[in-house]
Amino acid sequence: MDHAQRKHVTVLGAGLVGSAIVADLAQDADLAVTAIDASPAALARLAAAGVRIQVADLAAPGAIAPLVAEADLVVLAVPGFMGYAALRQVIEAGKPVVDISFFSEDAFGLDELAKAKGVTAVVDCGVAPGMANIIAGHVEGQLDRIDRYLCYVGGLPKLRRWPFEYKAVFSPIDVIEEYTRPARFVEHGQVVVRPALSGVELINLPGVGTLEAFNTDGLRSLMRTFAAPDMKEMTLRYPGHANLMAVLRESGFFGDKAILVDGQPVRPLALTARLLFDQWKLQPGEEDFTVMRVVIEGRKQGRRLRYTYDLLDSYDRATNTTSMARTTGYTCALVARQLLAGKFAQIGVCPPEYVGRTSGCYAHLSAGLAARGIVLAERVEEEEPSDSAV
């Protein structure tokens, strides 16, 4: 197919996940893919994928609009601290977008702008948030009422190395943000806030063994769009990690306010990041895995049902692609295809649960993931009614 006849997809960000998105989309003969990043080295790794590459500083004021001028769709895969501003620029340019940047701002703040521009903007389209939300939207359509939503999720190295037994399989600064931002969830219909890293519990998962789960602020849009009176997301790590991170946080190592050290101002977070990130970096060939369990309970025609979805995915040795890049990136790439094909076309800022609510989208995603070796195991069980059931 002639380049001019193909639909143009511009991917902003070519890091671990962005590069996986580019490589996946580049397999479609009807797509012309452009990857843009500030790092020539990151882009050089994509040369073999047969895509157009461009070096540009995506954080520069006004940089994005001219970069996406030819795009039929934009994928946003920048670090969280850049995400909101970048998303605003893409929407202002009038381009449909699928976004995986995990920014702290409320994406719905751009909803009016997206509607005014006639833009579909799917945000938080990774694993959790992302795949988990699409599952939630899909199950919502199977039930008359939702009672409970619970998500356990984590990305971990297969090889445990002291002291952290952890490697950052997405932006490390976003990981630290998870450990410092208060965790919000819903109990009995009320929003409650607890410290990140609190509520540690042990959970045994098939194929993995025992991990610890702790509170993090991962519900995001579900707190606004999902009607379950009880909702919680918990992050999974090897046992002991939460306490170690809590010690660093409470000792001030994640602080962003400069302190004087030998008369010089030093931001503790900058120093901690510099020390940790080298240790948290996956080395070439080092393997990771992604594990997730989503449990949704509700009622249908008087029956109490529990839907359980289990995901366990591993590093792809054939392509040297991390599991987190696979599960996040391929989810994003498949939803991008849904927008391009008109399977999902809701205007405005759309969290992934909106995609899950749309007929055919979950089935398309599940089949696409399975074709890439990512399997969502579904189990539906009927619960015994309790005396207190109403």
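Which residues line the largest cavity? They are Phe102, Ala128, Pro129, Glu178, Arg181, Thr216, Asp217, Gly218, Glu233 and Thr235. This is a predicted model, where local features need pLDDT of at least 70, side-chain atom pairs count only at pLDDT 80 or more, and totals for chains, interfaces and linings use all residues. Residues are numbered from 1 along each chain as its sequence is written, and side-chain values use heavy atoms, leaving out hydrogens and water.

- Strand 2 (residues 31-37) pairs with strand 3 over four bridges; pairing takes at least two bridges found by DSSP.
- Isoleucine 36 stands opposite glutamine 54 in strand 3.

**Helices on the sheet**
- Helices are DSSP runs of H or I, at least four residues, and angles run from 0 to 180 degrees between N-to-C directions of axes fitted to C-alpha atoms, for helices over the stretch in contact (heavy atoms within 4.5 Å).

**The cavity**
- A cavity is a set of points on a 1 Å grid where a 1.4 Å probe fits but cannot get out, and lining residues have an atom within 4 Å of a point.
- There is one cavity of 30 Å³ or more.
- The largest cavity holds about 40 Å³ of space, a volume filled by probe spheres set on the points.

Technical notes: Helices (H or I, at least four residues) and strands (E, at least two) are DSSP runs, numbered from the N terminus. On a 1 Å grid over the protein atoms alone, a cavity is a set of points where a 1.4 Å probe fits but cannot get out, and a pocket is an open set with protein on both sides within 12 Å along at least five of seven lines; lining residues have an atom within 4 Å of a point.
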